[in-house]
Amino acid sequence: MEFLYRVTGRGTRILSERCEGEELVLTGPLGRGFDIPPGARRIGLVAGGMGVAPLTYLARYCRERASGSIRITTYVGARTASALVGLEELSALSSEVVVTTDDGTYGTCGVVTAALEADMGDLCRDGVIFFACGPRAMMARLAECLIPAGVPCQVSLEERMACGLGACLGCAVAVRRGDGETYASVCKDGPVFPLAEVVWEGK
Ligand code: FES
């Protein structure tokens, strides 16, 4: 079992201070993960920053279950070259990889969604299904690009969590259900949601 995380607060700092051989108690698996439709032939992975972690797992799963029959086109974006993590393994699992950095220190200069938009025609011809994880601004831009085009996409949301069980409501996000909007817990109802289900405006 492997974990990829960045120290951003007290919890991850405590984790980072554990020593080899120490025991940790885990509860899981929890929530709802990615769902690869049967018969998928081409998938697009869109990772921003630490979003590489769940998508590497997904790519590994595809390679183990479907061997070479799924073409995986991967887009990875980060602020700068030093913020790119896990690129080697994700590249090895992918059929092709496009990397962007905001400051141009690695790959193409710019945001990852711009690179993806440039390839949309080719991807859509193959009936691509997208899976994404990254900062909210990246996901909101994906929503603007993919939803009007009717391209399916599942997103894994990043939220701070406390209980992980749907009890504290600390990870609530606005979602569309039926004709209205309501709140869902990222830990229990997600972290994976259809892109079109999440309310991206106003946050
Ligand atoms: S972390 Fe408590 S409800 Fe999600």
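**Sheet and domain organisation of a predicted protein model**

The structure is a predicted model, in which local features need pLDDT of at least 70 and side-chain atom pairs count only at pLDDT 80 or more, whereas totals for chains, interfaces and linings use all residues. Residues are numbered from 1 along each chain as its sequence is written.

Strand β3, spanning residues 96-101, pairs with β4 in the parallel sense over two bridges; two strands are taken to pair if DSSP finds at least two bridges between them. Helix α2 (residues 52-66) packs on the sheet and touches β1 (42-48), β2 (71-78), β5 (129-133) and β6 (153-156). The direction of α2 makes about 160 degrees with that of β1, where axes are lines fitted to C-alpha atoms, for helices over the stretch in contact, and angles run from 0 to 180 degrees between N-to-C directions.

The open sheet comprises seven strands in the order β4-β3-β2-β1-β5-β6-β9, with mixed pairing. Because β4 (108-109) and β9 (192-194) each have a single partner strand, they stand at the edges, and one side of each is left without a neighbour in the sheet. In total, the protein chain contains six helices and nine strands; helices (H or I, at least four residues) and strands (E, at least two) are DSSP runs, numbered from the N terminus.

With regard to overall dimensions, the C-alpha atoms fill a box of roughly 45 × 45 × 35 Å along the principal axes. The radius of gyration of the protein chain is 17 Å, which agrees with the value near 17 Å for a compact globule of 203 residues; this radius is taken over C-alpha atoms, and the globule rule is 2.2 Å times the number of residues to the power 0.38. Of the 203 residues, 31% count as buried, that is, 20 or more other C-beta atoms, placed from the backbone, lie within 10 Å of the residue's own.

The protein chain is divided into domain 1 (41-156) and domain 2 (159-203), with bounds from an automatic or database domain assignment. Their C-alpha centres lie 22 Å apart. Contact is made between 11 residues of domain 1 and nine residues of domain 2, two residues being in contact if their C-beta atoms, placed from the backbone, lie within 7 Å. On the side of domain 1 that touches domain 2, α6 (136-146) and β6 each supply at least two residues, and α6 gives the most, with six.

Note on methods:
A residue is buried if 20 or more other C-beta atoms lie within 10 Å of its own, exposed if 12 or fewer, and partly exposed in between; C-beta atoms are placed from the backbone.
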